[in-house]
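Look at the sequence and the model below together.

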Amino acid sequence: MPERVDERGPEQGEGAEPGPERAGLLRAFGLAEVYNPSMVPTLLPGDQLVVQYGAVVRPGDVVVLRHPFRQDLLIVKRAVRRQDGGWWVRGDNPFVENDSREFGVVPDELVIARARLRLRPPRGVHRSVPALLSWAASAVRPVRAERSLSRRLRAR
């Protein structure tokens, strides 16, 4: 089953229009929801991502891209390395191969955003204060580039 994310940019939200000074900044960021396990353990199904459109992508960054064979489908992967005309991308979950091993290099124009922040919703009911504090401490995290990705993949 292909991976999918829902994308919600500011133009799709409700409420008042931002003033002209904030309109450009708000359009640069949006939300995406992760639905599939290809990025486990980094991202779990149900996680929300704050993404930045048009950001510079470097090896190791988590990115949102259009699936090369189904461009109406958005997926989340890690940019592994630049190749001629695009990016080689992989999921962090070694058991899911819906990535460049299946569809090859992703053209630059299909990489639409870089993940900046992960928002993890509460899972289950938190009945104790320590459980609630534990969730709160891990609910919001920056999505960092995995700089040692190539070494980690060779070590498996």
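Contact, a word used throughout, means that heavy atoms lie within 4.5 Å. This is a predicted model, so local features need a pLDDT of at least 70 and side-chain atom pairs count only at pLDDT 80 or more, while totals for chains, interfaces and linings use all residues. Residues are numbered from 1 along each chain as its sequence is written, and side-chain values use heavy atoms, with hydrogens and water left out.

Confidence comes first. The pLDDT is the predictor's confidence in each residue, on a scale from 0 to 100. Its mean over the protein chain is 80, and 75% of the residues reach 70 or more. Over residues 10–22 the pLDDT is below 50, and this stretch has 6 contacts in the model beyond near neighbours in sequence. Residues 148–156 also have a pLDDT below 50, with 7 such contacts.

Next comes the fold. Helices (H or I, at least four residues) and strands (E, at least two) are DSSP runs, numbered from the N terminus. The protein chain has 4 helices and 9 strands, and along the sequence they follow the pattern β-α-β-β-β-β-β-α-β-β-α-β-α. Among contacts between residues at least 6 apart in sequence, 57% join residues at least 24 apart.

How much of the chain is buried? A residue is buried when its relative accessible area is under 20%, exposed when it is over 50%, and partly exposed in between (1.4 Å probe, protein chains only). Buried residues make up 38% of the 156 residues in the protein chain. In soluble globular proteins, nonpolar side chains tend to be buried together. A nonpolar core is a set of buried Ala, Val, Leu, Ile, Met, Phe, Trp, Tyr and Cys residues joined through side-chain atoms within 4.5 Å.

The largest nonpolar core has 14 residues, and those that touch the most other members are Leu-43, Leu-49, Val-51, Val-62, Val-64, Val-76 and Ala-115. Two or more residues come from each of strands E2 (29–34), E3 (48–53), E4 (62–66), E5 (74–83) and E8 (111–119). E8 gives the most, with 3 residues. Apart from this core lies another, of 12 residues, including Val-57, Ile-75, Trp-87 and Phe-103.

Val-76 is found in strand E5 and is buried, with a relative accessible area of 0%. Val-76 and Val-34 are 42 residues apart in sequence, yet their C-alpha atoms are 7.5 Å apart in space.Val-143 lies in the loop between strand E9 (140–142) and helix H4 (149–155). Val-143 is buried, with a relative accessible area of 13%. Leaving out residues up to four places away in sequence, Val-143 touches Leu-49, Val-62, Ala-115, Arg-116, Leu-117 and Arg-118.

A pocket is defined on a 1 Å grid over the protein atoms alone: a 1.4 Å probe fits at its points, and the set is open, with protein on both sides within 12 Å along at least five of seven lines; lining residues have an atom within 4 Å of a point. The second largest pocket has a volume of about 190 Å³, where volume is the space filled by probe spheres set on the points, which are joined across faces, edges and corners. The lining residues divide into 4 nonpolar, 1 polar and 5 charged; here Ala, Val, Leu, Ile, Met, Phe, Trp, Tyr, Cys and Pro count as nonpolar, Asp, Glu, Lys and Arg as charged, and the others, Gly among them, as polar.

Two loops remain. Pro-41 is found in the loop between E2 and E3, and the peptide bond from Val-40 to Pro-41 is cis, with omega near 15 degrees. Gly-85 is found in the loop between E5 and strand E6 (86–90).
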